[in-house]
Amino acid sequence: MDPSQQWQHPQQGQQPQYPQPGPQYPPQGQQPQQPQYPQQQYPQHTTQFPQQPQQPQQPSYPQQQPQYPNQPYSAQPYNIAPNSAAPYSGPPANPYAAPGPYVTPQPVPPRSRNRLVPILAIGGVLVVVLVVAIVVVALNQNKEPAAGPTVAASASASQSGPVDACLVGKWNQTSYQKIVDMAGTDIDKREGIGKVKMTGGGKQWTINADGTAVEDDTKTVYSGKDDKGRTINATFSGKTDWQIKTVDRKIEFAGKESTSSVVISVDGRKAGTINLEPNLDPVTYTCVSDVWRTQGESDDTFARYDKVK
């Protein structure tokens, strides 16, 4: 029925027409019946696929173990004689020989003893070398005291005139040290200098073979510090003529004429001038090659002169 006609009101005098009842549902508690549909038959496929080729079977072979004849035991490693033309028939049935009697091993000497032999030998050599070195040093020390007289003898032997031939030449004073006592001078009375250890150099000596000599002080400069810590400088000038001779390694002086003088300054300030007089005290000397030295009565007094070439 057309839904548009379900709710039309009837005309006057006509009975209303109701729509037909809808579907009927089963009572409560009863399962509804499932509709039954016709079963369809599906066509069966008859397509056949080609079969895979089968792998060929491996042939089976009978397993046979080689049969070896039982041979009696022989001392030979194989059952054929050496250099024989007979074919090889395989190893003997019992390839291992019976063990022989047990032999007690001999003790091996420790290797440490063998190692001690070269060590002891090296130690002995070192001891011998050390002893020889000690003997050589001792001999050299014994010879050193004899070196002084030998040099003196050679110097005396070389002296044919009044002075040692080793002293002949022109010399430059390279080092000097002496404790100078200023006591008794006018400068000491004014400045109170006292004793000063002086060091320096610059004096030149010219010594001739006949014993005449010239002491040149034009370049001589000494300096030191007094007990008060002040710097004392002594600047020399002038020359002194000498007549000298050498006796038993000593220089003896005989003054002729001197024009030498010294200017004393304290901390750079001139304190005064002293005119020098020749000192006639003998001086001990040593002369070797191009160097000669003088030595005073104490170790604080010495001088060195190098030959001018």
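Q: Are aspartate 217 and lysine 203 buried or exposed?
A: Both aspartate 217 and lysine 203 are buried. The word buried stands for under 20% relative accessible area, exposed for over 50%, and partly exposed for what is in between (1.4 Å probe, protein chains only). This is a predicted model, in which local features need pLDDT of at least 70, side-chain atom pairs count only at pLDDT 80 or more, and totals for chains, interfaces and linings use all residues. Residues are numbered from 1 along each chain as its sequence is written, and side-chain values use heavy atoms, with hydrogens and water left out.

Q: What makes lysine 203 and glutamate 215 a salt bridge?
A: Their closest N and O atoms are 2.7 Å apart. A salt bridge requires a side-chain nitrogen of Lys or Arg within 4 Å of a carboxyl oxygen of Asp or Glu, so lysine 203 and glutamate 215 qualify.

Q: Where in the chain do lysine 203 and glutamate 215 lie?
A: With the salt bridge between lysine 203 and glutamate 215, distant parts of the chain are linked: lysine 203 is in the loop between strand 2 (195–201) and strand 3 (204–207), and glutamate 215 is in strand 4 (residues 212–216), twelve residues apart. Strands are DSSP runs of E with at least two residues, helices are runs of H or I with at least four, and both are numbered from the N terminus. Lysine 203 and glutamate 215 are both buried.

Q: How do you know that aspartate 217 also pairs with lysine 203?
A: The side chains of aspartate 217 and lysine 203 meet at 2.4 Å, N to O, in a salt bridge. Aspartate 217 sits in the loop between strand 4 and strand 5 (221–225) and lysine 203 in the loop between strand 2 and strand 3, so parts 14 residues apart in sequence are tied together by the pair.

Q: What lines the largest pocket?
A: Its lining has 47 residues, with Tyr176, Lys178, Lys203, Glu215 and Asn279 nearest its centre. Strand 1 (residues 169–181) gives the most to this lining, with six residues. By class, the lining of the largest pocket has 24 nonpolar, 14 polar and nine charged residues.

Q: What makes cysteine 166 and cysteine 287 a disulfide?
A: Cysteine 166 and cysteine 287 have an S to S distance of 1.9 Å. A disulfide is a pair of cysteine sulfur atoms within 2.5 Å, so these cysteines qualify. A search of the whole structure finds one disulfide.

Q: Why is the disulfide of cysteine 166 and cysteine 287 called left-handed?
A: The torsion about its S-S bond is about -75°, so the disulfide is left-handed. The pair links distant parts of the chain, with cysteine 166 in the loop between helix 1 (111–158) and strand 1 and cysteine 287 in strand 11 (residues 283–288), 121 residues apart. Cysteine 166 and cysteine 287 are both buried.

Q: How many aromatic pairs are there?
A: The count comes to seven aromatic pairs. One of them is tyrosine 176 with tyrosine 222, stacked at 3.9 Å centre to centre with 10° between the planes. Rings of Phe, Tyr and Trp (its six-membered ring) pair if their centres lie within 6.5 Å, and planes under 30 degrees apart count as stacked, over 60 as edge-to-face and the rest as tilted. Tyrosine 176 lies in strand 1 and tyrosine 222 in strand 5, so the pair ties together parts that are 46 residues apart in sequence.

Q: Why do tyrosine 176 and tyrosine 222 count as buried?
A: Tyrosine 176 counts as buried because its relative accessibility is 16%, and tyrosine 222 because its relative accessibility is 5%.

Q: What makes tryptophan 292 and tyrosine 305 a stacked pair?
A: Their ring centres are 4.4 Å apart and their planes are at 10°, so the pair is stacked. Tryptophan 292 in strand 12 (residues 291–295) and tyrosine 305 in strand 13 (residues 302–307) are 13 residues apart. Trp171, Trp292 and Tyr305 form one aromatic cluster.

Q: Why is arginine 304 called partly exposed?
A: Arginine 304 has 28% relative accessibility, so it counts as partly exposed. Arginine 304 lies in strand 13.

Methods:
On a 1 Å grid over the protein atoms alone, a cavity is a set of points where a 1.4 Å probe fits but cannot get out, and a pocket is an open set with protein on both sides within 12 Å along at least five of seven lines; lining residues have an atom within 4 Å of a point. Ala, Val, Leu, Ile, Met, Phe, Trp, Tyr, Cys and Pro count as nonpolar, Asp, Glu, Lys and Arg as charged, and the others, Gly among them, as polar.
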